[in-house]
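Visitor: I've got this one loaded in the viewer. Could you walk me through it?

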Amino acid sequence: MKIHLFIQIALLLVLPFAGKAQEIQEGGESIVTKEQARLFQDKKKTESLFFDANKAKVTENPGEAMHLFKQVVELDPAHDAAWYELGLLYYQQRDIKNSISNLAKAYELDPNNV
């Protein structure tokens with residue numbers, strides 16, 4: 001009975017907004033350019049890779065994490081958090097030269113990110 005009540009409440013909250021998605025002006029589909037759509041897809045892919053890399057890092061799979069973080073910075077060289085994570089992974093491997101290089105890149109991209 002509780003599930004039925006929950007579904008009714010959810011529908012009452014969602015239905016008023018259901019028609020809003022259809023209120024695009026005539027020709028509104030072309031508002032987003034192909035370049036903007038490509039950039040959006042690249043950003044989604046980058047964020048998905050970053051998430052997967054963090055998951056690999058947390059599950060103690062540093063090789064996979066490093067591979068995925070490298071893919072992130074290849075797709076988005078301005079992704080300071082990925083550079084930082086790479087720096088930490090290199091540090092854990094005692095590769096100080098690469099660690100410093102990646103951490104410096106992260107700092108260069110966002111010096112205010114403590």
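Visitor: Which residues of α4 and α5 meet?
Guide: D80, W83, Y84, L86, G87, L88, Y90 and Y91 of α4 meet I96, N98, S99, N102, L103, K105, A106 and L109 of α5, where contact means heavy atoms within 4.5 Å. Residues are numbered from 1 along each chain as its sequence is written, and helices are DSSP runs (H or I, at least four residues) numbered from the N terminus. This is a predicted model, in which local features need pLDDT of at least 70, side-chain atom pairs count only at pLDDT 80 or more, and totals for chains, interfaces and linings use all residues, while side-chain values use heavy atoms, with hydrogens and water left out.

Visitor: OK, and how do the axes of α4 and α5 cross?
Guide: The axes, which are lines fitted to C-alpha atoms over the stretch in contact, with angles from 0 to 180 degrees between N-to-C directions, come within 7 Å for α4 and α5 (residues 96–109) and cross at roughly 160°. The two are therefore roughly antiparallel to each other, a label for angles over 145 degrees, with under 35 roughly parallel, 65 to 115 roughly perpendicular and the rest oblique.

Visitor: Left-handed or right-handed for α4 and α5?
Guide: Left-handed, that is, the near helix is turned anticlockwise from the far one by less than a right angle.

Visitor: What about α3 and α4?
Guide: Those pack at an angle of about 150°, with their axes 9 Å apart, so α3 and α4 are also roughly antiparallel, and their crossing is left-handed. On the α3 side the contact involves P62, A65, M66, F69, K70, V72 and V73, which meet A82, W83, E85, L86, L89 and Y90 in α4.

Visitor: Going back one more, where do α2 and α3 sit relative to each other?
Guide: Helix α2 (residues 34–58) and helix α3 (residues 62–75) have axes that come within 8 Å and cross at roughly 160°, and they are therefore roughly antiparallel to each other, with a left-handed crossing. Among the residues making this contact are L49, F50 and A53 of α2, together with L68, F69 and V72 of α3.

Visitor: Switching topic: how many salt bridges are there?
Guide: A search of the whole structure finds four, counting a side-chain nitrogen of Lys or Arg within 4 Å of a carboxyl oxygen of Asp or Glu.
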